[in-house]
Amino acid sequence: MAVVKGVTSVALAACFAAISLQLSMPPLSQGWLVFIAFIPLLVYLQSARSAFMWALAGFCVGLGWSAVAPVALLGWGTTLPAITLLVRAGALATIFFLTFFVNFALPVRWRWLALPACWNIVWFVSEPVGLPVVSLSAAFAIWQPALLGIGRLIGVAGVDFLLLTINALVAQALSERRLTANTLASIIFILAILLLGIFIPAPATTGIARISAIQPALEPGKLHTQKWSLAQRLANESYIDSLLDQATREKNTLVILPEGGNELFNKRLPKR
C-alpha cells in the first residue's frame with residue numbers, strides 16, 4: 001500500500017511538472033510556471049530514498065510533457081510518435097536517476113545543485129546526437145528581451161541552470177520548512193541575473209543588413225518520423241552545411257534557422 005501511495009504521489013507531482021512546463025512554452029507562453037514547475041516533485045523526492053522512484057519521476061515528467069506538447073501546439077487528437085515519447089521520457093528518467101545519487105552525495109546545504117547540474121550534463125551529452133531534451137529557456141519567449149540579453153552572456157544551458165536552481169532552492173526550503181536569508185538572497189540574485197538581460201543592449205548594426213534564412217525541407221505529416229532516419233538526417237545536415245557555407249561567403253549580417261525543421265534535427269551548428 002505504501003509503495004502504491006508513493007508511486008501515485010510521484011505521478012501526480014510529475015503531471016503537475018509536465019503540464020506546467022508545457023503551459024510555460026509557446027504558444028500559451030505562461031512563462032512564470034517554469035519557476036515553480038519542479039517544486040512539488042522535488043519536495044516529495046527529498047523523502048524518497050529510492051533511485052527507482054527518482055527515475056520514475058523523471059520518466060513521468062518526460063512522458064507527460066511529450067504527450068501534452070502536440071495538443072498545446074496542434075490541438076486535440078494529435079500525438080508524437082511513440083519513439084519520441086520514449087526517448088524524451090528516458091532522457092528525463094536519466095536526469096533524475098543521476099540526480100538521486102548526486103543529491104544524497106552532497107552536503108544538505110548544497111543539494112539544490114544536483115538537478116541543475118545533472119540536467120545540463122545530460123543536455124550536453126544528448127544534444128550533439130539529436131536526442132530531444134528540450135531547453136527550458138523557451139519559456140522566456142514572453143520576456144524575449146531578457147532572454148536575448150542574458151542568453152548572449154551565459155547561453156541556453158546557463159538559463160536552464162538558473163531556472164532549475166530557483167526550483168531546487170525553493171523546494172529545499174520547503175523540505176526543511178525554513179527559508180534562510182541565504183536561500184532568499186540566492187533566489188533574488190538569480191532572478192535579477194535573468195532579468196538583467198532586459199538592460200543588455202543588442203549589438204548595433206548600421207547600413208544595410210544582409211539576412212539569410214535556412215530551413216530543411218520536411219514532408220508534411222512526417223516531421224517527427226524523418227528525424228529518426230539516418231539517411232534523412234545526413235541529407236538534411238549536408239544541405240544545411242552547404243547553405244551555411246554560402247551564407248558565410250556572402251557575408252550575411254544575420255542567418256536565421258527557423259525552429260520548425262532545425263530543432264527537430266537538433267543540429268549543432270558549426271562556428272563561422
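Modeller: This is a predicted model. Tryptophan 54 is buried, at a relative accessible area of 0%.

Biologist: Why is tryptophan 54 called buried?

Modeller: Buried means under 20% relative accessible area. Tryptophan 54 has 0%, so the label holds.

Biologist: What makes the pair of tryptophan 54 and phenylalanine 104 edge-to-face?

Modeller: The ring centres are 6.0 Å apart, and a pair needs centres within 6.5 Å. The planes stand at 80°, and edge-to-face needs over 60, so the pair is edge-to-face. Tryptophan 54 lies in helix 3 and phenylalanine 104 in helix 4 (residues 82-105), so this pair ties together parts 50 residues apart in sequence.

Biologist: How many aromatic pairs does the structure hold?

Modeller: Eight. One of them joins phenylalanine 38 and tryptophan 119.

Biologist: Why is the pair of phenylalanine 38 and tryptophan 119 called edge-to-face?

Modeller: The centres lie 5.9 Å apart, within 6.5 Å, so the rings pair. The planes are 75° apart, over 60, so the pair is edge-to-face. Phenylalanine 38 sits in the loop between helix 1 (2-24) and helix 2 (39-45), tryptophan 119 in helix 5 (residues 114-126), so the pair ties together parts 81 residues apart in sequence.

Note on methods. Residues numbered from 1 in each chain as written. Predicted model: local features only at pLDDT ≥ 70, side-chain atom pairs only at ≥ 80, totals over all residues. Heavy atoms only, no water. Phe/Tyr/Trp six-rings, centres within 6.5 Å; stacked < 30°, edge-to-face > 60°. Helix = DSSP H or I, 4+ residues; strand = E, 2+ residues; numbered from the N terminus. Buried < 20%, exposed > 50% of the residue type's maximum accessible area, 1.4 Å probe, protein only.
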